[in-house]
Amino acid sequence: MSEPVALTLKPKDFKSDQEVRWCPGCGDYAVLAAVQSFLPSLGLEREKIAFVSGIGCSSRFPYYLNTYGMHSIHGRAPAIATGLATTRPDLSVWVVTGDGDALSIGGNHLIHALRRNVNFKILLFNNRIYGLTKGQYSPTSEVGKVTKSTPMGSADAPFNPLSLALGAEASFVARTLDSDRKHLQEVLRAAAEHEGSAFVEIYQNCPIFNDDAFEVLKNPDTRDESLIRLEHGKPIVFGPEGKHCVVRAGWGIEVAETAKVSESDIVVHDQTVTDPAYAFALSRLSGTNLDHTPIGVLRSVQRDTYDSVVRHQVAAAKEGVGEPERELEKLLQGPDTWTIL
């Protein structure tokens, strides 16, 4: 009997025949190219991969990938993907969403998917604006943001998506940039290997309605001072020649000058810390001005996934497990019945 032929797909195999339509210069182009280049590394047939999106510019993703996909309902992509991941454990399920889609109308669906630890990957494109509907402020827009819907400046305090995900006990939380292809693909790979909900925030530029929102993290003159590149097992040191570091302070952590602290005081990054408080403290380092912005994997821990628990319950009910009261028919009928006259 001959050996099975290894699957050797290439990035072009994941490009659909649809014309890609985003505004010139949109960060979505870079993310799409990075995802198409990354997908062959999964070693899966295209039919074993599914992308589910909501509504927004980023939600056009399923059209441009030669995999299974669904352009679904505003904010409800996690709910639809939950059903898919639960009933089809053979699939690699991905959710593509934006800061408006996921954090406004879809807020409850997002946090409950994360707390349940459904086995899928959520890519949240954050450009701090509503792009598809032409420039209204979003749940991540900074206070005072002047837009078409906030002509006097936004009065809302913005969400920190990573803090929100960690508050929901997400088992995998990471952040990356649209323009850093190597880092983006490293984070995607780590998310794909994680068993459970993987939440990835991608800072993504909208050149039409919120251009250069993340310029401080991309400009060669400022990025080294602002970006904190997290690496598991390594001291958190950043800036030109390691000028800055992260140290413990009281109940949390803070940025300090490396030369002024003891080496033993510098935090060594551990993404596997069970208590989410550590990763939450990391997520709070960056304010809306992005002066100290961690990127990379903040948290990666293992716990039971919702879909595996549900499948186990269904299998146990079908088998009865030696307990008559747990037989499937009795579970469906229940002990209480009513007669409609």
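A: Happy to! A word on angles to begin with: they run from 0 to 180 degrees between N-to-C directions, with axes fitted to C-alpha atoms. Please keep in mind that this is a predicted model.

Let's start with the sheet. It is open and built from eight strands, ordered β2-β1-β3-β4-β6-β5-β11-β7, with mixed pairing. The edges belong to β2 (68–71) and β7 (227–229); each has a single partner strand, so one side of each lacks a neighbour in the sheet. On average, neighbouring strands are turned by 20 degrees against each other, direction ignored.

Now for the helices. Helix α7 (residues 181–193) lies across β3, β4 (121–126), β5 (172–177), β6 (198–203), β7 and β11 (293–300), and runs at about 165 degrees to β5.

Helix α7 also meets helix α1 (residues 27–38): their axes come within 10 Å and cross at roughly 50 degrees. The two helices are therefore oblique to each other, and their crossing is right-handed. From α1, the contact involves V31, A33, A34, V35, S37 and F38, while α7 brings R181, L184, Q185, L188, R189 and A192. Sorted by class, this contact has eight nonpolar, two polar and two charged residues.

Technical notes. Residues are numbered from 1 along each chain as its sequence is written. This is a predicted model: local features need pLDDT of at least 70, side-chain atom pairs count only at pLDDT 80 or more; totals for chains, interfaces and linings use all residues. Side-chain values use heavy atoms; hydrogens and water are left out. Two strands pair if DSSP finds at least two bridges between them. Helices (H or I, at least four residues) and strands (E, at least two) are DSSP runs, numbered from the N terminus. Contact means heavy atoms within 4.5 Å. Angles under 35 degrees count as roughly parallel, over 145 as roughly antiparallel, 65 to 115 as roughly perpendicular and the rest as oblique. A crossing is left-handed if the near helix is turned anticlockwise from the far one by less than a right angle, and right-handed if clockwise. Ala, Val, Leu, Ile, Met, Phe, Trp, Tyr, Cys and Pro count as nonpolar, Asp, Glu, Lys and Arg as charged, and the others, Gly among them, as polar.
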